[in-house]
Amino acid sequence: MKPTFFRIVFFLFLSVVQVSFSNILFASLSFPPPIVLGAVVSLSLLKGFSFSWRWAVFGGILFDSMLFSRIGVSSFEFVLASAVFGMLAREFFVGYRMGRAIFFGIGMWFFEFLWRIIFMFQSSVHSESFFSTVFGENFSRGLFGSFLVSVLVFFILFRLTSFFERFLEIFDRFRPHR
Amino acid sequence: MIGWVGGEDADPRLESIFVSLSNVSMFRFFWKNKFGKLFLLLAGCAVVFAWNPSFVSFTLRTVIGTVLAPLHNVVGFFGYHTNQTKVFFLSVGQLKHENERLLAETIDLKARVAALSDIARENEILREDRGLLSRDRLDFKAAEVIGRDSVSSGGAILIGAGETSGIRKGMAVVVGNGVLIGRVFEVAPFSSRVLLVSDSESAINAVAGSEEARGIVRGEYGLGLVLDMVIQTDTLREGDEVITSGLGGDVPRGLFIGTATSVESSNDRLFQRATLVSPVRFDRLRFVSVVLDAKL
């Protein structure tokens, strides 16, 4: 119960940080670093998809509720990311090391970038604008900055998540049934 | 198994139970498989998105918004001040030129304010003579920006005031003494979502210049504003000031939106359109006011 409670608090905190801190601080970039997505990907790399999917769903519901969006969009994105990165880590990166967090940070940024392109396509269809116009207007400023900040934030977030998970393992060790 | 309970004399209730059981076992079969699980989860998310249960989403927003409101305020405060510090360091080199430009603009504005206050006095006297209510009677509710949505096409902000402060969906949101920045899009008890005028989904009825050219102000995916759908017979010039027309919704007339630049014809030559320059930086908003009641 306690690890679950701490993880809920962890995700609540990260969602607030993304909505009220990161999105304000990095508003001038193409898109701010996706913190909740980063936490889901980190959890997926550390513990696998079979563990991280429920936190992807929870994080998505939390994030959508906070932004008054339709529930389900972020959960869909997070579950997909969790599966992709969980499988990638298991297939290609057995014996995971911290330095590889940068590689996954780049991967996560590309994932978010592609996700936003899908949104843009939908938006351009909806508003009857040319996709190229929408694409250019959205990504004409701060794309490289967004890339750098996202990779850096993911690196920090991965360290934080792995430290947090090690801390939570203490509770598992001292469970009475073990 | 279904075939076993089927037949002419089979009990339909029993049959439905077996069908459900077989569905459960099919679900388990999928769930045990890695890709099956992924498929089920994604399908579940898609179903929830399509279904969009308003009761569930409203309850979640209310609970999460109420519990996390203080944390949003604190984190938002740090976010804003960190952003200000970042902006300060990045713009040190431009400060001298900016200062000179603002000084020149201040002198110009002082002259305009003096002229306008004379006209305003005259207008008040005329309105009194005709028995009309005074125009500048806007009832504001100040609110702090506690968050920002970066996913929407152009921007939406979260403000720390909601239903309990008398805010309703559709109300105009301004900064300063009446520069329109958006409209309230969703309301929770202690917070609201404001769709900025720079969002591509935003459309505000507006008039431009002394000739009152009518059109629609739309957002350009967070980068700027456009006055669109102005008919060719209306006079639209560069430098015209664009204000809200007061038509439709809770947006009162006379809120400043921006100044028109680069007027051109639309692709089909039916309408004119102009790019607008807003005096507001939408990525640096801190305090806003919601127009609660416009007594016009």
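Guide: Let us begin with confidence, expressed as pLDDT, the predictor's confidence in each residue, from 0 to 100. Chain B averages a pLDDT of 81, and 86% of the residues score at least 70. This is a predicted model, in which local features need pLDDT of at least 70, side-chain atom pairs count only at pLDDT 80 or more, and totals for chains, interfaces and linings use all residues. Residues are numbered from 1 along each chain as its sequence is written, chains are lettered from A and ligands numbered from 1 in the order in which they are written, and side-chain values use heavy atoms, with hydrogens and water left out.

Visitor: Where in chain B is confidence lowest, and where is it highest?

Guide: Helices (H or I, at least four residues) and strands (E, at least two) are DSSP runs, numbered from the N terminus. Confidence in chain B is lowest in helix α1 (residues 2-5), with a mean of 42, and highest in strand β5 (residues 192-196), at 92. Over residues 1-8 of chain B the pLDDT is below 50, and this stretch has eight contacts in the model beyond near neighbours in sequence; contact means heavy atoms within 4.5 Å.

Visitor: How is the size of an interface often given?

Guide: It is often given as the accessible area lost when the parts come together. Buried area here is the accessible area (1.4 Å probe) that two parts lose on being put together, summed over both. Chain B and chain A bury about 4300 Å² between them, 70% of it on carbon and sulfur atoms.

Visitor: Which strands of chain B pair with β10(B)?

Guide: Two strands pair if DSSP finds at least two bridges between them. Strand β9 (residues 241-244) of chain B pairs with strand β10 (residues 256-265) of chain B in the antiparallel sense over three bridges, and E241(B) stands opposite T259(B) in β10(B). Strand β11 (residues 271-277) of chain B also pairs with β10(B) in the antiparallel sense, over six bridges. There, E264(B) stands opposite R273(B) in β11(B). The hairpin of β10(B) and β11(B) has five residues between the strands, and R269(B) takes a positive phi near 65 degrees.
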